[in-house]
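Here is a brief report on a few residues and strands. Have the sequence and the 3D view open as you read.

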Amino acid sequence: QVQLEESGGGLVQPGGSLRLSCVVSGIAFSIYNMDWYRQAPGKQREWVAKIRSGGVPGYADSVKGRFTISRDNAKNTVYLQMNSLKPEDTAVYYCNAEFTNYWGQGTQVTVSS
């Protein structure tokens, strides 16, 4: 059974930081490219960041320079370090194994003063 479990969300003030985690089980984690997506209320899900199996990252323009994606293959975990958070970063954040329909339940990030 494939499971992806996100955690680390919460309420943070503008300019603050959060670190999201996604623990993956049931697949050969190390061979998959992993993505973070987010979905704000009333909006479509959008891609945020990718980390390839070899560790090369990629970012949406909206988060470049503020977010950092990383992975620990020994722990089957992908991370998203989010700095300099803005109100427009408010969304439910999901992780995904690329080219699969495996998704977690999401973790809520709210950026508000």
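## Thr 77

A polar atom of the Thr 77 side chain lies 2.7 Å from the backbone oxygen of Lys 75. This is a predicted model. Thr 77 belongs to strand S8, which covers residues 77-82.

Thr 77 has a relative accessible area of 4%. The cut-off for buried is under 20%, so Thr 77 counts as buried. Leaving aside neighbours within four places in sequence, Thr 77 is in contact with Ser 21, Cys 22, Val 23 and Phe 29, and also with Ser 70, Arg 71 and Asp 72.

## Gly 58

Gly 58 is found in strand S6, residues 57-59. Gly 58 is buried too, because its relative accessible area is 17% and the limit is under 20%. Its contacts, leaving aside neighbours within four places in sequence, are Trp 47, Val 48, Ala 49 and Lys 50.

Take Ala 74 as a reference point. Gly 58 and Ala 74 are 16 residues apart in sequence. In space, their C-alpha atoms are 21 Å apart.

## Strand S4 and its partners

Strand S4 (residues 34-39) pairs with strand S5 (residues 46-51). The sense is antiparallel, over 5 bridges. Met 34 has Ile 51 in S5 as its bridge partner. S4 and S5 form a hairpin, with 6 residues between them. In the turn, Gly 42 has a positive phi of about 75°.

S4 also pairs with strand S9 (residues 91-97). This pairing is antiparallel as well, over 6 bridges. Here Trp 36 has Cys 95 in S9 as its bridge partner.

Methods: Residues numbered from 1 in each chain as written. Predicted model: local features only at pLDDT ≥ 70, side-chain atom pairs only at ≥ 80, totals over all residues. Heavy atoms only, no water. Helix = DSSP H or I, 4+ residues; strand = E, 2+ residues; numbered from the N terminus. Buried < 20%, exposed > 50% of the residue type's maximum accessible area, 1.4 Å probe, protein only. Polar contact = N/O pair within 3.5 Å; in protein donor to acceptor, adjacent residues only side chain to side chain. Contact = heavy atoms within 4.5 Å. Pairing = 2+ DSSP bridges.
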